[in-house]
Each structure stands twice: as structure tokens, then as C-alpha cells.
Amino acid sequence: MNIAILGAGAIGQLLAHQLAKAGAAPTLLLKAGKPCSASQSFGCLTPEGESLQTFSQCTLDAPASAFTHCRLLLVTLKAYQVLDALQALLPKLPLGCHILLLHNGLGPHSKLQPRLDGRGLSLGTTSQGALRLGPHQIRHTGKGLTQLGHFAGPALADNDKALLLRAIPGSEWLADILPALWGKLAVNAAINPLTALDDVPNGRLAEAAYQPTIDAIIHELVQVAAKEGLQLQAHALLKRVRDVIELTADNSSSMRQDLLHGRPSEIDAINGYLVQLAQRHGLELPINQKLTRQIKQREAAL
Ligand code: PAF
């Protein structure tokens, strides 16, 4: 195992297919105790047809010896699963293993940083679309930008950086990843809770009635970002939110889907993350607080 992917959901499988096409042999890491064969064929449907790849599989409770050669770990879990999963895995990962987190929202990165023991940490965000059709089959539903960048510890080795950029179409490596992640956070903070609470597709947020709330979400985000030392422009973020609403008009946001399927949402890493940061700075974020509370009430009622 040289490259492992923790989180075999739609995005994890998509990245596995893309890495395999670029000549790598990623291993999929599954939940501890999950019965799995050592290798498994996975399908990826695209408009051009289905491509089949065989990936090695291994569970999180495999012995440390299984991870001896792991030099890159891509984590494609939901934000709220990241810390628990890594807590179990970190002691088994070689100190030279670089970790790349790819999830909606922010927060796990700063809690993970003090536990890295000198390992490198990169962060990323992807707008590629993928849908899980079954345990071993996905549909690649949309092309999109993938932004990656270094966050802490030793930098990712140049050959692995080049591999990721070659493998993932539309990917770029940024010298400063945090502004990009805040840009995506703005999109998720505006779109996800509103579509989930009103049970509407993303496109409905183009209606005039939603604009004051979207405006307020983004202005509050800009305020807290400034306290964190990031100067973001509300008008640019609002344009980006409007563009995503238009481009993904028929999509059902991940938070809407989470609630519809009775799963926990990523609210703590999105609007809840903003509220938590604001509290540290003595700031009030009334709209983000209200949305966080409402989503948590929905989750509790599931
Ligand atoms: O979380 C999501 O659903 C997506 O990140 C986005 C961009 C809001 C589109 O639905």
C-alpha cells in the first residue's frame, strides 16, 4: 500500500479511478470490521461508458504492518468522521505519510494538526460530481475544479503532487489553500442549510425571497474570516454563490440529501464552524447561528 484512500464513498471511488488511470494503485480503506476481499472490481460510469478498475481493499483495523509503505493518505470522509477515523489510524501510519483532507466545510484540519507527529498535511476541495450507484459502482456526474494546497508539516513530495495534478482533471495546486477553502465554505454555508431546511433543489435559491438571507450569511462569514486574518470580498463570494446556484440548479445539495436519508449533516463544519470561530472572537453571527440550530433540530428529530 503506497497510496490509500480513507472513505470509499462516491468521491473516494472517483479519485481511486482517476489515480488508477494515471498509473497509481490506490488501496481503499474501509470501516473496521467490514468484511471485504483483498481486491475488488469497481465501476465508474461516464457518458463515454463504464470503466472498470480493480482496487486493493483493507480495513482500518488492519495491523500496522499493512501501512508500512503508505506514503500518501487521501481522506474523503464526511467532516464529522475525519477525527475519529484518523485517531485509530494515525498510530499505524508511518511518520513519512502525508495526509490530504478533502471534505466539505472546515474545522478537522486544526484539530488534526497537533496530532500529526511531524507528518505533512494538505487540504483540498473538489467540485467534481459523483454519485454512488452501489457499493462498487459510481457515476461521474460532473466535471469541476479541484483545488489542493499545503497546510502544515513537511510538504507533499513533488512526485505525488505531480501525480495528483495529472490524475485529477481540472486540478490545481495553490500556494495558499485557505482562501480557496473559505470560498467553498461560503458556497456551502449559503446553499446547504437553506436547501436542506426548505427541501428544495439548489436552483430554487435564485428566487428573490432567499437573497437577504444569503447576503447575511456571506457578510457574517466575511466578518469572521477577517478576524482570522483573511480578507475576503463579500461581492465576489456572493457572485460565486449565485454562479453555483445556477450551475447546479437541478442538484440536491449534500445537506438536503443527508437529512432526507436520515444521516447526520456536515453543519458543524459549515455554518457551525463559523459560529464556533465567531464565539472565540466575541462575535455574534445571528443568521448562521439560527441556521445551525435549525439543522441540528432537524437532525435530532430524525
Ligand atoms: O455540498 C454540496 O452539495 C455541494 O458542495 C454544492 C456545491 C453546494 C452543490 O450542491
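The model is predicted: local features need pLDDT of at least 70, side-chain atom pairs count only at pLDDT 80 or more, and totals for chains, interfaces and linings use all residues. Residues are numbered from 1 along each chain as its sequence is written, and side-chain values use heavy atoms, with hydrogens and water left out.

**The whole chain**

Begin with the chain in cartoon view, where 10 helices and 11 strands can be traced. These elements are DSSP runs numbered from the N terminus, helices being H or I of at least four residues and strands E of at least two. The C-alpha trace spans about 55 × 40 × 35 Å along its principal axes. For 302 residues, a compact globule would have a radius of gyration near 19 Å, and the chain agrees, with 19 Å; the radius is taken over C-alpha atoms, and the globule rule is 2.2 Å times the number of residues to the power 0.38. Of the 302 residues, 51% are buried (under 20% relative accessible area; exposed is over 50% and partly exposed in between, with a 1.4 Å probe and protein chains only).

**Aromatic pairs**

Rings of Phe, Tyr and Trp (its six-membered ring) pair if their centres lie within 6.5 Å; planes under 30 degrees apart count as stacked, over 60 as edge-to-face and the rest as tilted.

Select Phe-42 and Phe-55: their ring centres are 5.3 Å apart and their planes stand at 40°, so this pair is tilted. Phe-42 belongs to strand β3 (residues 39-46) and Phe-55 to strand β4 (residues 49-59), so the pair ties together parts 13 residues apart in sequence. Phe-42 is buried at 1% relative accessibility, and Phe-55 is buried at 2%.

Next, select Trp-182 and Tyr-273, whose ring centres lie 6.3 Å apart with planes at 55°, so this pair is also tilted. Trp-182 is in helix α5 (residues 177-198) and Tyr-273 in helix α9 (residues 271-280), so parts 91 residues apart in sequence are tied together. Both Trp-182 and Tyr-273 are buried.

**The ligand site**

Now display the ligand with its shell: Asn-104, Lys-184, Val-187, Asn-188, Ile-191, Asn-192, Asn-202, Val-244, Ser-253 and Ser-254 (residues with a heavy atom within 4 Å). Helix α5 supplies the largest share of this shell, 5 residues.

An N or O atom in the side chain of Asn-104 is 2.9 Å from a ligand oxygen. For Asn-202, a polar side-chain atom lies 2.9 Å from a ligand oxygen, and for Ser-254 the corresponding distance is 2.5 Å. On its own, the ligand has 280 Å² of accessible area, of which the protein covers 84%.

**Individual residues**

Move to Gln-13 in helix α1 (residues 10-21). Gln-13 is buried at 0% relative accessibility, and a polar atom of its side chain lies 3.0 Å from the backbone oxygen of Ala-8.

Two loop residues complete the tour. Most residues other than glycine have a negative phi. Asp-117, however, has a positive phi of about 55°; it lies in the loop between α3 (108-112) and β7 (121-126) and is exposed, with a relative accessible area of 60%. Asp-199 has a positive phi near 50°. This residue is in the loop between α5 and α6 (211-227) and is partly exposed at 40% relative accessible area.

Methods:
Polar contact = N/O pair within 3.5 Å; in protein donor to acceptor, adjacent residues only side chain to side chain. Areas by Shrake-Rupley, 256 points an atom, 1.4 Å probe, with all protein chains shown as cover.
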